[in-house]
Amino acid sequence: MATRKGREGEMLESVYSVIALVFVLVACVELCDAATVVDVYRLIQYDLAGVPFGSRLANLNHHAASGFAPAADLSRTVVIVPVRDINITFIGDYITQKQPLGGLLFLLPRMISSENGDDMGRGDQTFEEKLMRNMLGELEQLLIHASIPYPVYFAFEDDNIDDVLTDIKRNDATSQPATATTGGYKLVVSAPEPKKIVSPTITNIQGWLPGLKVDGDANQLPTIAIVASYDTFGAAPALSVGSDSNGSGVVALLEIARLFSLLYSNPKTRGRYNLLFGLTSGGPYNYNGTHKWLRSFDQRLRESIDYAICLNSIGSWDNELWIHVSKPPENAYIKQMFEGFAEVAEELGLKVGLKHKKINISNPRVAWEHEQFSRLRVTAATLSELSVAPELLERTGGLSDSRHFLNEAAIIRSIKLVAESLARHIYGHEGKNIQIFADDSSLAVNPSYIQSWLHLLSRTPRVAPFCSKNDPFILALKKELADHTVEVNVQHEVLDGMFTFYDSTKARLNIYQVASVTFDLLLLLVLGSYLIVLFSFLVITTRGLDDLISLFRRPPSRKLKTA
């Protein structure tokens, strides 16, 4: 009797093992195969005066589709959209009409990736490249001015994701959208809920080159300010490198500082003008950093500024630049400054135009950086390739502003124009055909220096709310300016205004190939049948058919046991 009970116990343990194995298989009912893992960049999330904009979610876990199927429920579907095939009008209508969607994944062309190191900014763009740049700019403006209640991500095209998209298109062509029933691909981004960035900081960096003061002269030397805003804004903060807007202005400022530091290092060639170099932050947000920087000046310094030249987007032009001013062109200071630039431009074979836009003191919105100077009655101008002032959050270094679309030759010509014009004004050489920064001299513009900084700027996102006070890039700017100027000051301020920003700008996307439930159930049925046959065979061969039958025989009733 005891032997029989022992056998039954052993058989029951075997049954429990089989049942446990079946439960494991059921738990794995959705069999997946990890297809690929890619870096993705989330659409910016921010509030403007309390109104939400951008993507409001970060977590993603839905099946993928290659298009917007008519009359289909896409509330649990992520649509993958290659930007080169995009229909901007359709996407705009879909977002505006608040159609349900699980998520959006935009595939960006590889040519605009910062990892595309072979692309050195040729400047000779094809028609297709110009079309792509315009399309990226239009898409960006659409996305940053919409409130989207689902996750929106960007990724770069590569062989792996192209293969996945081809497979998805093949499945979609059979009119069977990916679901838990039909299988397909699932896109998963595990990201925490985005949190508000508390008290985002902006950092201004100021360098100073003092002019030569004659002994006994009690008068303060006049000052010329050279200014460039260095931060960016775009649909994807982690991709907003702003090679042109305003990386070109930053590079030009640093090279001009280097050139004049060579002149000012020798008392014999030091001019009788102080030079003030300002790298400002908060440019996309009404030039908030410039405003705070100017307010920190004492009255004496502010009154000593002869004029300020602001550098903005000077790296993608062909043959003409524009000088934007707030004072009338007839103003003596504006006239003198413009004539000086126009004279040098003519010698260099360039064209410089003058654009006058009167500022409205009652309107806090400023279109150009120099308008912050003009509001304090300081003569100033902005040099730019743009003939018309951009709107708020437009042309601020987003997706379409990569090094691929940059023209390094244009930056070098811009630097020569500004440096030569300033030098002639400082040394009183107006009207004279004298090249102080000649190409074959020790004061020539250094293309290698320009390329090295463009390389860094074109790989470094610089959206101010996501840059800390001790950000390596800000420290690099401070160090570089300190190498070329006598005195460097750093100003940290809290970003004013109506903007509220949220974190979570970059993540990892896992793409899984998911089997259908029908396949899973069939596989479970086959495995279950196999295990039952295997178990029966083992019991019969080791203990006999009677033991197997006894497992399924009804146990005797309690009355029979008593009898």
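What follows looks at one helix, then at some salt bridges.

Keep in mind that this is a predicted model, where local features need pLDDT of at least 70 and side-chain atom pairs count only at pLDDT 80 or more, while totals for chains, interfaces and linings use all residues. Residues are numbered from 1 along each chain as its sequence is written, and side-chain values use heavy atoms, with hydrogens and water left out.

**Helix α12**

- Helices here are DSSP runs (H or I, at least four residues), strands are too (E, at least two), and both are numbered from the N terminus.
- α12 covers residues 472-484, so to speak 13 residues in a row, and spans 19 Å from its first C-alpha to its last.
- That's close to the 18 Å expected at 1.5 Å a residue, where the expected span is 1.5 Å times one less than the number of residues.
- Its buried residues (under 20% relative accessible area; exposed is over 50%, partly exposed in between, with a 1.4 Å probe and protein chains only) are F473, I474, L477, E480, L481 and H484.
- These sit on the same side of α12, because they cover an arc of only 125 degrees around the axis, going by the directions from the helix axis to the C-beta atoms.
- On the face turned away from that buried side, you'll find the exposed residues P472 and K479.
- The cover over the buried residues includes β10 (201-209), α5 (247-264), β12 (274-280), α11 (447-457) and β17 (487-494), with contact meaning heavy atoms within 4.5 Å.

- Side chains of opposite charge can pair when their charged atoms come close.
- A salt bridge is a side-chain nitrogen of Lys or Arg within 4 Å of a carboxyl oxygen of Asp or Glu, and the count comes to 15.
- D159 and R110 make one of them, at 3.5 Å from N to O.
- D159 is in helix α4 (residues 159-172) and R110 in the loop between β6 (103-108) and α3 (127-144), so this pair ties together parts 49 residues apart in sequence.
- D162 also bridges to R110, with the closest N and O atoms 3.5 Å apart.
- R110, D159 and D162 are linked in a network of salt bridges.
- R110 is partly exposed at 41% relative accessibility, and D162 is partly exposed at 26%.

**A pair within α5**

- R258 and E255 form a salt bridge, their closest N and O atoms being 2.8 Å apart.
- They're 3 residues apart in helix α5, about one helical turn.
- Both are buried: R258 has a relative accessible area of 15%, and E255 comes in at 0%.
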